[in-house]
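Hello,

Here is the structure I promised to pass on to you. My notes on it follow below, so do have a look at both together.

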Amino acid sequence: MSSFAQLISNITQDVYESLKLAVEIGKWPDGRVLTQEQKELSLQAMIAWEAKNLPEEERTGYMGPQECSSKSEPIPNILFKSNSVH
């Protein structure tokens, strides 16, 4: 039997789109409901295919830059001031 990587390399754009729709709606194109195992395997196949074929910003789960906006401005330390008390 083929390895997972070999199976992923054989997925076409059309097959990927079918897997994606099936995972999104929980049904195969013929109306049969996906089992939990089918959902998990289909999602794994989608993610692996996307990693090979899509730019990062188009992949499932992409959330964009994750830097906190407060990091762009320094926050003064109010607990430990630089003035020393003698």
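From the N terminus on, the elements of the protein chain follow the order α-α-α. That makes three helices and zero strands; helices (H or I, at least four residues) and strands (E, at least two) are DSSP runs, numbered from the N terminus.

Some background on the model: it is predicted, so local features need pLDDT of at least 70 and side-chain atom pairs count only at pLDDT 80 or more, while totals for chains, interfaces and linings use all residues. Residues are numbered from 1 along each chain as its sequence is written, and side-chain values use heavy atoms, with hydrogens and water left out.

For the chain as a whole, the accessible surface is about 7,300 Å², and 56% of it belongs to carbon and sulfur atoms (Shrake-Rupley method, 1.4 Å probe). Of the 86 residues, 15% are buried, meaning under 20% relative accessible area with a 1.4 Å probe, protein chains only. Among contacts (heavy atoms within 4.5 Å) between residues at least 6 apart in sequence, 44% join residues at least 24 apart.

Now to the helix pair. Helix α2 (residues 13-25) and helix α3 (residues 36-53) pack with their axes 9 Å apart and at an angle of about 135°. Those axes are lines fitted to C-alpha atoms over the stretch in contact, and angles run from 0 to 180 degrees between N-to-C directions. The two helices, α2 and α3, are therefore oblique to each other; angles under 35 degrees count as roughly parallel, over 145 as roughly antiparallel, 65 to 115 as roughly perpendicular and the rest as oblique. On the α2 side, the contact is made by Q13, Y16, L19, K20 and V23, and on the α3 side by K39, S42, L43, A45, M46, W49 and E50.

Which residues does S42 touch, not counting those up to four places away in sequence? They are L19, V23, W28 and L34. S42 sits in helix α3 and is buried, with a relative accessible area of 6%.

Leaving aside neighbours within four places in sequence, W28 is in contact with L19, A22, L34, Q38 and S42. The C-alpha atoms of W28 and S18 are separated by 8.0 Å, and these residues are ten apart along the chain.

Best wishes

Key. Buried means under 20% relative accessible area, exposed over 50%, partly exposed in between (1.4 Å probe, protein chains only).
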